[in-house]
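Subject: Structure handover

Hello,

Here is the structure for your work. My notes on it follow below.

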Amino acid sequence: MFAPNDGMPMLTGLKVVDMTSIVFGPYCTQILADFGAEVTKIEAPGGDFFRYAGKPAQTKGMGPGFIALNRGKKSVLLDLKDAADAERLQTMIAEADIFIHNVRSEAIDRLGFGAEAMRALNPALIYVHCVGFGSDGPYDGLQAYDDVIQAASGATSLLPRVDGNPAPRYLPSLIADKVAGLHAAYAAMAAVIHRMRTDEGQVVEVPMFEAFTSFIMKEHLAGLTFDPPNAGAGYARQIDPDRQPFPTKDGYISIVPYRPGHFQLVIGLMGDAEFAAQERFSTPQGLTAALPELYAKIAELAPSRTTAEWLDVFREAEIPAMAVRDLDDMLDDPHLDATGFFTASQHPTEGKIRQTREPSRFSGWKADRLGHAPNLGEHSED
């Protein structure tokens, strides 16, 4: 099915029927499409709600978030309450490798597209169900959006641990949706590899709550790792209120004195070698106890030079450091420009657009061009 080193995208030949919406599922299938899968997006009348998030460039239903998450896909408009449309979808699934959706179990069963029915139709099918909460727990069937999952996972308690403001707050990114989408992508590809080995399809459930909680707890389970716990939750370095960007003469800089001796080296390079040479900083325990002082000293010294000047100093000394950027400045980043990270292309209806390329690189395939996000129902007749 997949010839090695043929220069083709890795998932060429894989057929995906995608009945997901918003971010979680579409991010998964966007990755599959980038890697060469033929992804057909099934949309109900009115289309994916995320089509209408943000200001569209030319066409209603072509918002920037939708364009980013649905490139390279085909859009087919179907009303599954209509018998003819339901039959069309059954035909597509019978010929597909993967069917992925985020409809709740009771509703998908009522429509006739539950896992059991589709596996009977196509025994080799990989049936991927994107859910809010795992089906074997008490939250099964509850609706889930990014904010809900951030709250349920403990993520909204992270900023209060940093700044002392007790009000829970969301991280300003659709981070739970996107993390779950990544989990769905690798789960789907793992199931494809399993089928190549065994010739068996299977049902894959990807729960957003569990996926994101796993992501958060990799470092923040912390002292709760042990039974009995030897400390509370929260990785101390990440919730340290003093570990923030430092003000320079003309902006801010991120400096990461991470390895042994780095704090002393950084502060010495910044002009206070006497402070850095104190005996109490010579042991890991002494450094840990003095972290607030050390961060405060760096913040005190940083405004003496510009960000560019400090970057020269720290790169010469091999200390990790980067300028703090605003989102609006990212198009001008010289590294991203050199690597072709932002690509410009002409969308058939939206005019000139920018997209971010697939970040991974492969020796057997070069992603020269990205597909475009489809207009609603653009491929229905096809």
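Leu 376 is partly exposed, with a relative accessible area of 32%. Partly exposed lies between buried (under 20% relative accessible area) and exposed (over 50%), with a 1.4 Å probe and protein chains only. This is a predicted model: local features need pLDDT of at least 70, side-chain atom pairs count only at pLDDT 80 or more, and totals for chains, interfaces and linings use all residues. Residues are numbered from 1 along each chain as its sequence is written, and side-chain values use heavy atoms, with hydrogens and water left out.

Surface and the segment after β11

Leu 376 sits in the segment after β11 (351–356). Helices (H or I, at least four residues) and strands (E, at least two) are DSSP runs, numbered from the N terminus. Together with Tyr 52 and Leu 77, Leu 376 makes a nonpolar surface patch of about 230 Å². Like charges are joined within 9 Å, nonpolar side chains (Val, Leu, Ile, Met, Phe, Trp, Tyr) within 5 Å. Areas come from the Shrake-Rupley method with a 1.4 Å probe; for residues, only the protein chains shown count as cover.

His 379 is also in the segment after β11. His 379 is buried, at 16%. Beyond four places in sequence, His 379 touches Lys 73, Lys 74, Ser 75, Val 76 and Pro 374. Contact means heavy atoms within 4.5 Å.

Cores

The largest nonpolar core has 39 residues; Val 16, Ile 98 and Val 128 touch the most other members. A core is a set of buried Ala, Val, Leu, Ile, Met, Phe, Trp, Tyr and Cys residues joined through side-chain atoms within 4.5 Å. The largest share of this core, 9 residues, comes from α8. A second, separate core of 23 residues includes Phe 246, Val 266, Ala 276 and Ala 302.

Strand β1

In β1 (residues 15–19), 4 of the 5 residues are buried, so the strand is largely enclosed by the rest of the structure. β1 pairs with β2 (residues 38–43) in the parallel sense over 4 bridges. Pairing needs at least two DSSP bridges. Asp 18 stands opposite Lys 41 in β2.

Backbone points

The Asp 227 to Pro 228 peptide bond is cis, with omega near 5°. Two non-glycine residues have positive phi: Ile 22, near 65°, and Glu 318, about 60°. Glu 318 is exposed, at 69%.

Regards

Methods: Patches are made of residues with over 30% relative accessible area and no salt bridge: like charges are joined within 9 Å, nonpolar side chains (Val, Leu, Ile, Met, Phe, Trp, Tyr) within 5 Å. A salt bridge is a side-chain nitrogen of Lys or Arg within 4 Å of a carboxyl oxygen of Asp or Glu.
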